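My notes follow in the order I worked.

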Amino acid sequence: MNRNKQTLSLLGLVGALPAALWLAGCGSGSAPVGGGGGTSRATVLLTDSLREDYDSVWATVLKAELIGADGTSVTLFDDPEGQVLDLRRLRDVSGARYSFLASAEIPAGSYTGVRVTVKPTMTLFPKGSVTGQSLPLTDALTRDSGGNVPLTLSFSAPKTLGAGADENLIVDFDLANFKVEGGKIIPALREGPAAGLDNPERHERHEIRGVITRLDGTAPTQNFLLRRRDGRPVPVVTTADTAIFFRGSTAPAALAVNQVVEVRGRFNTATDRFVATRVVIKNDTGSDESFRVEVEGIADDVSIANKTFVLRAVHMIGAEPRRIRIKVVTNDTTIYRSDRGVAVGAARFFNYLVANPGTLVEAKGSFNPDTDTLTAKILKIEDESNDGGWEDGRHGGGNDRGGNDDNGGSGKK
């Protein structure tokens, strides 16, 4: 981590559409906070403590705010769809893992606390169970006008932030001290450790969505500002190994200002840039509902004849799973891609899954929660061994799994 960056940990209890349409109604949601001039960037990362009696604990984070000493607030993250994450994945035997939530400019000033808003239920999977239990948070917590739960943490003393030094806000959802009483969850937060922040292997891959508002550099190494739905820009960088492709076609793709994109990667806390391993460009007029839910998981029960399989979900965007096993079905419009984003045929894709048990697959499409079935618009092989570093690290080297040769080797055109 660079020398001018300070780490702030949180400790306490409970707590194709045109770009213009994407941004319609967006605002900064921030208010100036007294106490000094200048700005700096605050980054929010989520982590967790270890708990052995649950295999998964799914929650949706909707908003994160800093509370100023004068009562005003600075919004760091605000998305009505929220970030869906399995809290249980944010800790392993080696320690804390980090999931990026937001990075935003904050005015210098005095801050007394932080407020994180979550959906009023969480889905818990007891150890060994494939069926989740959707439980509400305790009635002792207040709800906002939308029925969601703001968790407010007051600092023990006001903190001066934003005075020229970037801040990492590490929120630890303390599963070890979560309680379930009377069928309701009493959550807990505690201080998040920062020891692994400079190690990309400790960061979960994450997806952010928005509009490219500025683009610099020459492909394949470019950098751009991604303006999210709430109006806040996030710096993004691509590398020679970043997979870039269209959402609705297999035509060659290139980045451009005003494109609506989905970016997958990791946030480098040393450079304050989101390092993209994949950029999907929206270039079709299809319903967003057909692409809204994304599931990443281990594929099994593969049927070449029916072009179906089952995913044991490890990541999910757009919904919280009720069951850990999601059935994936396809149709004539499904697009199949290799690890590097190269389009491949259905036969080669399914033959690869059969020949390579335990393959990680990303499925994007529409989801029926009553049958736990996702109808895929895009299917992509994922090889996390190719995501080993930041800007100068190894992202797509070696095999392009699911590529154009019989063994899943190079699929480069």
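I started at Asp-301, which lies in strand β23. Strands here are DSSP runs of E with at least two residues, helices are runs of H or I with at least four, and both are numbered from the N terminus. The model is a predicted one, so I noted the limits: local features need pLDDT of at least 70, side-chain atom pairs count only at pLDDT 80 or more, and totals for chains, interfaces and linings use all residues. Residues are numbered from 1 along each chain as its sequence is written, and side-chain values use heavy atoms, with hydrogens and water left out.

Why stop at Asp-301? Its phi is near 50°, a positive value in a residue other than glycine. Most residues other than glycine have a negative phi, and most peptide bonds are trans. I then checked the surface: Asp-301 has 52% relative accessibility and so counts as exposed. My cut-offs are under 20% relative accessible area for buried, over 50% for exposed and partly exposed in between, with a 1.4 Å probe and protein chains only.

I found a positive phi at Asp-272 too, near 55°. Asp-272 sits in the loop between β21 and β22, and at 9% relative accessibility it counts as buried.

I also looked at the peptide bond between Ala-219 and Pro-220, which is cis, with omega about 10°. Pro-220 belongs to the loop between β17 and β18 (221–227).

**Ring pairs**

How many aromatic pairs does a search of the whole structure find? I got 6. To pair, rings of Phe, Tyr and Trp (its six-membered ring) need centres within 6.5 Å; planes under 30 degrees apart are stacked, over 60 edge-to-face, and the rest tilted.

I looked at Phe-100 and Phe-267 next: their ring centres are 4.8 Å apart and the planes are at 15°, so this pair is stacked. Phe-100 is in strand β8 (residues 99–107) and Phe-267 in strand β21 (residues 260–268), so the pair ties together parts 167 residues apart in sequence. Phe-100 counts as buried at 3% relative accessibility, and Phe-267 is buried with a relative accessible area of 1%.

The charged end of Arg-247 sits over the ring of Phe-291, 3.6 Å from its centre. The test is NZ of Lys or CZ of Arg within 6 Å of the ring centre and within 35 degrees of the ring normal.

**Helix α2**

Which residues of helix α2 (residues 346–355) are buried? I listed Ala-346, Phe-349, Phe-350, Tyr-352 and Leu-353. Looking down the axis, I see the buried residues of α2 within an arc of 155°, so they line one face of the helix. That arc is taken from the directions from the helix axis to the C-beta atoms. On the other side of α2, I have Ala-347 and Ala-355 as exposed.

I went to the largest pocket, which holds about 720 Å³ of space. Of its 43 lining residues, Glu-81, Glu-207, Ile-208, Arg-209 and Ile-317 are the closest to its centre. On a 1 Å grid over the protein atoms alone, a pocket is an open set of points with protein on both sides within 12 Å along at least five of seven lines, a cavity is a set where a 1.4 Å probe fits but cannot get out, and lining residues have an atom within 4 Å of a point. Grid points are joined across faces, edges and corners, and a volume is the space filled by probe spheres set on the points.

β5 gives the largest share of this pocket's lining, 9 residues. By class, I count 16 nonpolar, 6 polar and 21 charged residues in the lining of the largest pocket. Ala, Val, Leu, Ile, Met, Phe, Trp, Tyr, Cys and Pro are nonpolar, Asp, Glu, Lys and Arg charged, and the others, Gly among them, polar.

Last, I noted the second largest cavity, about 40 Å³ in volume. Its lining has 10 nonpolar, no polar and no charged residues.
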